[in-house]
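Have the structure open and follow along.

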Amino acid sequence: MTSSRGGVVLPDFFRVRQRFDGPRVEDVSAVTRETLESLDLGSRVRRGETVAVTAGSRGIANLTLVLEEIVRHLRSLGAEPFIVPAMASHGGGTAEGQLRILSSYGITEESCGCPIRSAMEVVQVCDSKLGFPVLFDRNAFEADHVVICNRVKPHTLFSGPIESGLLKMLMIGLGKRDGAGLYHRAILEHGYSAVLADVGPELLERCGVLAGVALIERGGDQTARVEALRPERFFSDEPRLLEIARRLMPCLPFSDLDLLLIDEIGKNLSGSGLDVNVVGRKSSLHRAAKGEPVRVRFIAVRSLTRATLGNAVGIGVTEFCRSRVIREMD
């Protein structure tokens with residue numbers, strides 16, 4: 001359609017509807033139950049032992065269903081599970097703020113059928129070989145076991161065989177505010193892969209990690225895969241899961257764009273507010289780096305999500321925004 005406003009002739013517009021294909025888990029609860037049963041956790045869990053189950057700050061499809069099934073399976077083994085927020089400094093870096101984030105996703109003690117223990121206190125597990133203390137959530141450390149649950153996907157800043165997933169949540173999410181800040185400073189000096197290779201094995205050995213439940217999504221916020229792993233397979237299997245996640249990521253329908261309008265950005269959607277893997281700004285601000293599949297000249301943001309609570313991280317990647325975005329910022 002062509003229109004004229006104020007003497008300016010606007011270009012033709014047309015609607016495009018994008019369809020995301022790929023695998024979809026139809027019964028998330030059943031698949032979660034089956035993959036957990038395949039690990040034979042009953043041989044490692046004694047009746048009455050406590051198990052900390054992680055819940056993060058991202059909006060992950062069907063996360064409540066997965067957590068409910070993890071809790072149900074652990075209870076069937078005679079264990080006493082509880083949920084611990086594994087979201088670093090999100091939620092304002094407070095225990096109350098992190099509880100509010102979980103509640104906004106429908107993750108409550110009533111819905112999951114177990115207590116939620118939210119606190120910011122950490123313990124020092126050991127010293128890393130790179131020379132900094134290794135910190136870990138106290139509630140999780142004092143539990144008999146820990147189950148890590150997270151989505152595996154390309155990270156918005158780090159690149160490597162392991163990016164965002166089980167090991168990142170183990171290190172940064174359960175590092176809470178103090179640990180996350182320390183690890184990010186170390187990453188600036190040594191690189192993400194080096195810090196993960198240093199800290200990850202120490203946490204797996206010393207913190208009672210029982211299992212991990214890895215989730216992969218396809219476009220349209222659909223669960224594409226649920227896979228439970230023993231901790232000894234985290235480092236070997238996460239690269240495989242990352243490649244699956246990379247192939248299933250949503251994408252823009254065009255590779256070259258003059259202007260991309262984004263309705264909402266928010267910390268609940270992506271660690272960078274908007275997923276730079278999708279819009280092509282992962283390696284360079286304000287332009288696509290060589291080799292990125294999407295090249296966007298200008299990005300404009302229209303608003304912040306309600307769930308981001310005024311956190312406008314990612315706005316610096318864009319060129320323009322509506323004035324209301326500035327008013328919504330905290």
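## Proline 293, out in the open

Let's begin with proline 293, which is exposed at a relative accessible area of 61%. Here exposed means over 50% relative accessible area, buried means under 20%, and partly exposed is in between, using a 1.4 Å probe and protein chains only. Proline 293 sits in the loop that runs between α10 (276-279) and β11. Its C-alpha is 9.5 Å from that of phenylalanine 254, and the two residues are 39 apart along the chain.

A word on the ground rules: this is a predicted model, where local features need pLDDT of at least 70 and side-chain atom pairs count only at pLDDT 80 or more, while totals for chains, interfaces and linings use all residues. Residues are numbered from 1 along each chain as its sequence is written, and side-chain values use heavy atoms, with hydrogens and water left out. Helices (H or I, at least four residues) and strands (E, at least two) are DSSP runs, numbered from the N terminus.

## Serine 303, tucked into β11

Serine 303 belongs to strand β11 (residues 295-304). Buried or exposed? Serine 303 counts as buried, with 5% relative accessibility.

Setting aside neighbours within four places in sequence, serine 303 touches Ile262, Asp263, Glu264, Ile265, Arg324, Val325 and Glu328, where contact means heavy atoms within 4.5 Å. For valine 325, the C-alpha atoms are 5.0 Å apart, though 22 residues separate the pair along the chain.

## Helix α2 and its surroundings

Now for α2, a helix of 14 residues spanning 20 Å from first C-alpha to last, close to the 20 Å expected at 1.5 Å a residue. That expected span is 1.5 Å times one less than the number of residues. Since 10 of its 14 residues are buried, α2 is largely enclosed by the rest of the structure. Among the buried ones are Leu63, Glu68, Glu69 and His73, and the cover over the buried residues includes α1, β3 (50-55), β4 (80-85), α4 (109-112), β7 (145-151) and β8 (209-218).

In the loop between β3 and α2, asparagine 62 has a positive phi of about 60° despite not being a glycine; asparagine 62 counts as partly exposed, at 30% relative accessibility. After α2 comes glycine 78, with a positive phi near 90°.

## How α1 meets α2

Helix α1 (residues 28-37) packs on helix α2 (residues 63-76) at about 40°, with the axes 9 Å apart. Axes are lines fitted to C-alpha atoms, for helices over the stretch in contact, and angles run from 0 to 180 degrees between N-to-C directions. That makes α1 oblique to α2; angles under 35 degrees count as roughly parallel, over 145 as roughly antiparallel, 65 to 115 as roughly perpendicular and the rest as oblique.

On the α1 side the contact uses Val28, Ser29, Thr32, Arg33, Leu36 and Glu37, and on the α2 side Leu65, Val66, Glu69, Ile70 and His73.

## The α7 and α8 pair

Helix α7 (residues 176-190) and helix α8 (residues 192-206) pack at about 125° with axes 7 Å apart, and are therefore oblique to each other. Tyr183, Ala186, Ile187 and His190 of α7 meet Tyr192, Ala194, Val195 and Val199 of α8.

Lysine 176 also lies in α7. Lysine 176 is buried, at a relative accessible area of 0%, and has a positive phi of about 55° although it is not a glycine.
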